[in-house]
Amino acid sequence: MKALIRLACAAALLASPLFADEDGWVDLWDGSSFEGWKLSTENPDTFKIKDGVILAQGPRAHLFYDGKVAGANFRNFELKVDVLAKNNSNGGIYFHTAYQETGWPDKGFEVQVNNTFNRDPRKTGGLYGVSDNLVPPAKDDEWFTEHIVVRGNSVKIYVNDDLITNWVQPDDWDGLRPRSNGRGQNFPLRKLDTGTFALQGHDPGSVVMYKNIRVKLLD
């Protein structure tokens, strides 16, 4: 069975027009266009490409991976994203999510980007609303790497190689999240499943940059 899974992972990578290195890492972003990515219809101008980075600056919006690697449907993986946040800025990286035209994504988990954003105590490297981190492990105006490892019921989040979050989904994870989605109902629980990745543009005052987005598929 493991051999079949490895073959499936290899086939998914080979289906990508992007280059997989000898360690199995493949770039999800080509560094110059939005090819393989899909902008939400809500405030798409929030995302721009400038000087070789994805710049998120503007009203709430999300940019979803919609390319060929793994059919944009990931289960077990390692994801690395280089991030830079300006002062008092908020952003995020979603996994196991799905394309959504408007609103905060209903599906999947958010890995927080926030070093000094003063309206939210949840800081960089936390699993938002599930396993929060309250002490910023990175500084504004400096590039840092968020490294997300999802395997089975385990989520580990590293920032610059330091383990910030080590969360295991309980067997009795009950299916609701205690937070309104603004439409008179609760969010679905952030439950490990399958899905794609997304980058977040949080608000007009936040400036967050993303680059070097790469993934490694795991058995």
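**Reading the aromatic cluster**

Guide: Ring pairs link Trp-37, Tyr-65, Phe-74, Phe-77, Phe-95, Phe-109, Trp-167, Trp-173 and Phe-197 into a cluster. The model is predicted, so local features need pLDDT of at least 70 and side-chain atom pairs pLDDT 80 or more, while totals for chains, interfaces and linings use all residues. Residues are numbered from 1 along each chain as its sequence is written, and side-chain values use heavy atoms, leaving out hydrogens and water.

Visitor: How is a pair of aromatic rings described?

Guide: By the distance of the centres and the angle of the planes. Rings of Phe, Tyr and Trp (its six-membered ring) pair if their centres lie within 6.5 Å; planes under 30 degrees apart are stacked, over 60 edge-to-face, the rest tilted. A search of the whole structure finds 10 such pairs.

Visitor: Which parts does the pair of Phe-77 and Phe-197 tie together?

Guide: Those two ring centres are 4.9 Å apart and the planes are at 80°, so this pair is edge-to-face. Phe-77 lies in strand β6 (residues 77-85) and Phe-197 in strand β14 (residues 196-201), so the pair ties together parts 120 residues apart in sequence. Strands here are DSSP runs of E, at least two residues, numbered from the N terminus.

Visitor: Is Phe-77 buried or exposed?

Guide: Buried, with a relative accessible area of 0%; Phe-197 is buried too, at 3%. Buried means under 20% relative accessible area, exposed over 50%, partly exposed in between (1.4 Å probe, protein chains only).

Conventions: Helix = DSSP H or I, 4+ residues; strand = E, 2+ residues; numbered from the N terminus.
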